[in-house]
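Biologist: I have not seen this structure before. Please show me how to read it, one feature at a time.

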Amino acid sequence: MKKSIDITPNIEALFGTRDENLHVLEDGLNINIDLRSDAVELEGTPRDVARAEQVFSDYDHLQRTGHVFNNGDLNSMLRVLIADPKVTLRGLAEAGRQRSFGRRSVQPKSLNQRRYLEAIENYDMVFGIGPAGTGKTYLAVAMAIAALVSKRVNRIILARPAVEAGERLGFLPGTLQEKIDPYLRPLYDALYDMLDPEKVDRYLEKNVIEIAPIAFMRGRTLNDSFVILDEAQNTTSEQMKMFVTRLGFNSKAVITGDVTQIDLPNARRSGLLEAAEVLKNVQGLAFVYFDQADVVRHHLVQRIIRAYDEHKVRVAEEQMDLLDAKLSQNGNGASANEESGTARKQQGE
């Protein structure tokens, strides 16, 4: 099937740098897009052509209503749209417009990121589990700010376990807040990226935004709050149970972590791993899992994560081969000993 679409003013912005967005549509929808002087020609199956035509129609509508696409948002939306046939470009853009993230525009850049945002909107407790760079913490902070700005909650509480990432930092000078700030810096970075620095400082001063180690959560009931536990893979079983039972009325909790980067002593089991096992069938909460395809940092990060995953599998296979070889040797040794014993017995007779 072929379909010709008239070129509208400024439609070339949809094409992307070096037509990269058109290539995304061609590869994802399995269609051919041919640019003419006065039209765009689509060729493919009726269903795929109809979806591509809808993209062009939605883009024209969004442009006429004043929507602005920033920082590669359009490319990311197209990838989400291709991954989920139920999604439309207009629906994604308007969903992002409904959320107020301070001074930043935040759009899901993968299907799992979209599921994550929807889970946070629909559930009171959400676990976001996956590798570094997938936006788990950043999106959670964005949703917390949206809830605060729209007055759905009265405060934001950001918690983290104070566990060294492999180093022993020793004695840190200063007040208690100054001692724990280095552990919580990623949370500050996300806040300052989305809100004016003066507003962040004012919220921190008035405890509208509270950033603290997880130990400070003990004994509290958190009402009218948006609570985020970051780096949850470094909580112990006791800490995790304590945290997930702090939730009060009209509150949300988001727990994020990367189970491949556990910095706890070997003797202690990660509270995040245990929670994923214990709470998987509990109604009213959601688990969203990310993978290397969701990494939104430099494209090199995706390849690094993939290399580590492949190395982990290769090492496990080598260990299994060594174990099989050892068992085989032991089995042959036992057989040889049995044969020798039988021969000696026969000679004695």
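Biologist: Where is arginine 79 found?

Modeller: Arginine 79 sits in helix 4, which covers residues 73-83. The model is a predicted one.

Biologist: What is the separation between the C-alpha atoms of arginine 79 and glycine 28?

Modeller: The two C-alpha atoms are 7.8 Å apart, while the residues are 51 residues apart along the chain.

Biologist: Now salt bridges. What is the general idea?

Modeller: Side chains of opposite charge can pair when their charged atoms come close. In this structure, a search of the whole model finds 8 salt bridges.

Biologist: Which residue forms a salt bridge with glutamate 53?

Modeller: The partner is lysine 3, and the closest N and O atoms are 3.7 Å apart. This pair links distant parts of the chain: glutamate 53 is in helix 3 (residues 46-64) and lysine 3 is in strand 1 (residues 2-6), 50 residues apart. Glutamate 53 is partly exposed at 30% relative accessible area, and lysine 3 is partly exposed with a value of 30%.

Biologist: How far apart are the closest N and O atoms of glutamate 231 and arginine 160?

Modeller: They are 3.1 Å apart, and the two residues form a salt bridge. Here too distant parts of the chain are linked: glutamate 231 lies in the loop between strand 7 (225-229) and helix 10 (237-244), arginine 160 lies in strand 5 (residues 155-160), and 71 residues separate them. Glutamate 231 is partly exposed, with a relative accessible area of 27%. Arginine 160 counts as buried, because its relative accessibility is 12% and buried means under 20%.

Biologist: Which salt bridge does glutamate 210 form?

Modeller: Glutamate 210 pairs with arginine 220, with 2.9 Å between the closest N and O atoms. The pair connects strand 6 (residues 209-213), which holds glutamate 210, with the loop between strand 6 and strand 7, which holds arginine 220; the two are 10 residues apart. Glutamate 210 is buried at 16% relative accessible area, whereas arginine 220 counts as partly exposed at 21%.

Biologist: Which residues are linked in a network of salt bridges?

Modeller: Asp84, Arg114 and Glu118 are linked in such a network.

Biologist: How do I read aromatic pairs?

Modeller: A pair of aromatic rings is described by the distance of the centres and the angle of the planes. The count in this model comes to 3 aromatic pairs. One of them is tyrosine 116 with phenylalanine 290, which is edge-to-face: 5.1 Å centre to centre and 80° between the planes.

Biologist: Why does that pair tie together parts that are apart in sequence?

Modeller: Tyrosine 116 lies in helix 6 (residues 111-122) and phenylalanine 290 in the loop between strand 9 (285-289) and helix 12, so the pair ties together parts 174 residues apart in sequence. Tyrosine 116 is buried at 0% relative accessibility, and phenylalanine 290 is buried at 7%.

Biologist: What kind of pair do phenylalanine 287 and tyrosine 289 form?

Modeller: A stacked one, with 6.3 Å centre to centre and 15° between the planes. Tyrosine 289 counts as partly exposed at 45% relative accessibility. Phe127, Phe287 and Tyr289 form one aromatic cluster.

Biologist: Finally, the surface. Which residues make the nonpolar patch of about 190 Å²?

Modeller: Val259, Ile262 and Leu273 make it. Leucine 273 is found in helix 11 (residues 271-278) and counts as partly exposed at 35% relative accessibility.

Biologist: Which residues gather in a patch of negative charge?

Modeller: Glu317, Glu318, Asp321 and Asp324 gather there on the surface. Aspartate 324 is in helix 12 (residues 299-348) and is partly exposed, with a relative accessible area of 44%.

Notes. Residues numbered from 1 in each chain as written. Predicted model: local features only at pLDDT ≥ 70, side-chain atom pairs only at ≥ 80, totals over all residues. Heavy atoms only, no water. Patch = residues over 30% accessible without salt bridge, like charges linked within 9 Å, V, L, I, M, F, W, Y side chains within 5 Å. Areas by Shrake-Rupley, 256 points an atom, 1.4 Å probe, with all protein chains shown as cover. Salt bridge = Lys/Arg side-chain N within 4 Å of Asp/Glu carboxyl O. Lys, Arg positive; Asp, Glu negative; His and termini not counted. Charge placed at Lys NZ, Arg CZ, Asp CG, Glu CD. Helix = DSSP H or I, 4+ residues; strand = E, 2+ residues; numbered from the N terminus. Buried < 20%, exposed > 50% of the residue type's maximum accessible area, 1.4 Å probe, protein only. Phe/Tyr/Trp six-rings, centres within 6.5 Å; stacked < 30°, edge-to-face > 60°.
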